[in-house]
Amino acid sequence: MDPSTQPTSPPANPYAPPAAPSNPYAPPSVSMEGAPRGVSHSQAEAEAIRREHVRHEASVRSIGLLYYLNGLATGLYSVIFLFAALGALVDGGEVAMAAVMGGMALFAGAFSAFVFWLGSSLRKLEERSRVPATVLAAIGLIGIPIGTLISAYILYLLHSEKGKRIFTAEYRAIRDRTPEIRYRTSLAVWLVLGALVLGFIGLIVWAMNS
């Protein structure tokens, strides 16, 4: 082929501004795997976001512990109802009473399993846990005054701006990128949790002796 007939590339524009050199000191860009498309943060930005939300994150996870305790207590009631049903059958042959106690045992057992699942999902900050946790907290508002205060606090944790963000895929990716950032639980929180555990143990002892 005649070289004169081959296509040639257009000449460079002599008036075009020179390309900006890359900054060697710029922080590396961190791609958030699993985050919404187009969302990315530098490592420094990811750490700043995590530090801003880690206290709220720890508060939500502590609610998961409360649901664990609730599940244990409900499971205990399930066992009590089951023994009551068996006692009604063996001692007096009361079929109707046994059926009622058996139904209550079944309901309490199912609710216990549900609450355990909800506590686990909250501790993992899974987005699917927000709706059932919201429903339970809304019902708990009628427990004046303690239940109202606790349930209102749970609703705040779930639906504040920080609460909404920590359940997103973006924040989940940030957590995966910053595992070294953790929140130190204060002594007051540990004391409250200890009191709840002691109260739960007391409930078990009372149920066994009643």
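Which residues are buried in helix α6 (residues 169-177)? In this predicted model, Glu 170, Tyr 171, Ala 173 and Ile 174 are buried in that helix, where buried stands for under 20% relative accessible area, exposed for over 50% and partly exposed for what lies in between (1.4 Å probe, protein chains only). These residues cover an arc of only 155 degrees around the axis, which puts them on the same side of α6; the arc is that of the directions from the helix axis to the C-beta atoms.

Residues are numbered from 1 along each chain as its sequence is written, and local features need pLDDT of at least 70. Side-chain atom pairs count only at pLDDT 80 or more, whereas totals for chains, interfaces and linings use all residues, and side-chain values use heavy atoms, with hydrogens and water left out.

**Backbone in the loops**

- The peptide bond that runs from Ile 144 to Pro 145 is cis, with omega near -5 degrees, and Pro 145 is placed in the loop between α3 (130-140) and α4 (146-159); helices are DSSP runs (H or I, at least four residues), numbered from the N terminus.
- Leu 125, although not a glycine, has a positive phi of about 55 degrees.
- The loop between α2 (95-123) and α3 contains Leu 125, and this residue is buried, with a relative accessible area of 2%.

**Aromatic side chains**

- The structure holds six aromatic pairs, a pair being two rings of Phe, Tyr or Trp (its six-membered ring) whose centres lie within 6.5 Å, with planes under 30 degrees apart counted as stacked, over 60 as edge-to-face and the rest as tilted.
- Phe 111 and Phe 114 form a tilted pair, at 6.2 Å centre to centre and with 45 degrees between the planes.
- Both of these residues, Phe 111 and Phe 114, lie in helix α2, three residues apart, which is about one turn of the helix.
- Phe 111 is partly exposed, with a relative accessible area of 28%, and Phe 114 is also partly exposed, at 30%.
- One aromatic cluster is formed by Phe 107, Phe 111, Phe 114 and Trp 117.

**Nonpolar surface**

- Val 79, Leu 82, Phe 83 and Leu 86 form a nonpolar patch on the surface, with about 390 Å² of accessible area together, as given by the Shrake-Rupley method with a 1.4 Å probe.
- Such a patch is made of residues with over 30% relative accessible area and no salt bridge, nonpolar side chains (Val, Leu, Ile, Met, Phe, Trp, Tyr) being joined within 5 Å and like charges within 9 Å; a salt bridge is a side-chain nitrogen of Lys or Arg within 4 Å of a carboxyl oxygen of Asp or Glu.
- Val 79 is found in helix α1 (residues 43-92) and is partly exposed, with a relative accessible area of 40%.

Conventions
Helices (H or I, at least four residues) and strands (E, at least two) are DSSP runs, numbered from the N terminus.
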